[in-house]
Amino acid sequence: MHLTVQLLRTADGRLGGTVTTDSGRELPFSGTLDLLRILEDLEPPGPPRDGPAPRRLR
């Protein structure tokens, strides 16, 4: 999975911007927690074609 993050700092010091996914979907965010929610909600990539899926650490 490849993501593009456009990041800016607002006049009041908050982070904001847009996350763009491989499919071109643009997800705007305002604040660090909002960015983390976007990243957490993304679908994990499918398993690699030539091997087992990597283990997810918790």
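Predicted model: local features only at pLDDT ≥ 70, side-chain atom pairs only at ≥ 80, totals over all residues.
Visitor: Which pattern does the protein chain follow along the sequence?
Guide: Helices (H or I, at least four residues) and strands (E, at least two) are DSSP runs, numbered from the N terminus. The protein chain has three strands and one helix. Read along the sequence, they give β-β-β-α.

Visitor: What percentage of the residues count as buried?
Guide: Buried is a cut-off word: under 20% relative accessible area, with exposed being over 50% and partly exposed in between (1.4 Å probe, protein chains only). Apply that to the 58 residues of the protein chain, and the buried share is 21%.

Visitor: How many bridges join S1 to S2, and how many join S2 to S3?
Guide: Two strands pair if DSSP finds at least two bridges between them. S1 and S2 run antiparallel, joined by six bridges. S2 and S3 run antiparallel too, and their bridges number five.

Visitor: Which residues in the two turns have a positive phi?
Guide: S1 and S2 form a hairpin with five residues between them, and Gly13 in that turn has a positive phi of about 95°. S2 and S3 form a hairpin as well, again with five residues between them. Its turn has a positive phi of about 95° at Gly24.

Visitor: Why is strand S2 described as largely enclosed?
Guide: S2 covers residues 15-20. One of its residues is Thr18, which counts as buried because its relative accessibility is 17%. Gly16, also in S2, is buried with a relative accessible area of 6%. The strand is largely enclosed by the rest of the structure because its buried residues number five of the six.

Visitor: What distance separates the C-alpha atoms of Gly16 and Ser30?
Guide: Contact means heavy atoms within 4.5 Å. Leaving aside neighbours within four places in sequence, Gly16 is in contact with Gln6, Leu7, Leu8, Phe29, Ser30 and Gly31. Although Gly16 and Ser30 are 14 residues apart along the chain, their C-alpha atoms are separated by 4.3 Å.

Visitor: Which residues make up the largest nonpolar core?
Guide: A nonpolar core is a set of buried Ala, Val, Leu, Ile, Met, Phe, Trp, Tyr and Cys residues joined through side-chain atoms within 4.5 Å. The largest one here has six residues: Val19, Leu27, Phe29, Leu35, Ile38 and Leu42.

Visitor: Which elements give two or more residues to this core?
Guide: Look at strand S3 (26-30), which is one of these elements. S3 has an uncovered face with Glu26, Pro28 and Ser30, and a covered face with Leu27 and Phe29. The elements giving two or more core residues are S3 and H1.

Visitor: Leu42 and Met1 are 41 residues apart, but what separates their C-alpha atoms?
Guide: Leu42 is in the segment after H1 and is buried, with a relative accessible area of 17%. Leaving out residues up to four places away in sequence, Leu42 touches Met1, Leu3, Thr21 and Leu27. The C-alpha atoms of Leu42 and Met1 are separated by 9.7 Å.

Visitor: Which element gives the largest share of the nonpolar patch?
Guide: Patches use residues with over 30% relative accessible area and no salt bridge, joining like charges within 9 Å and nonpolar side chains (Val, Leu, Ile, Met, Phe, Trp, Tyr) within 5 Å. A salt bridge is a side-chain nitrogen of Lys or Arg within 4 Å of a carboxyl oxygen of Asp or Glu. Met1, Leu3, Val5, Leu7, Leu33, Leu36 and Leu39 form this surface patch, with about 640 Å² of accessible area together. The largest share, three residues, comes from H1.

Visitor: Is Leu36 buried, partly exposed or exposed?
Guide: Leu36 is in helix H1. Its relative accessibility is 47%, so Leu36 counts as partly exposed.

Note on methods. Residues numbered from 1 in each chain as written. Heavy atoms only, no water. Areas by Shrake-Rupley, 256 points an atom, 1.4 Å probe, with all protein chains shown as cover.
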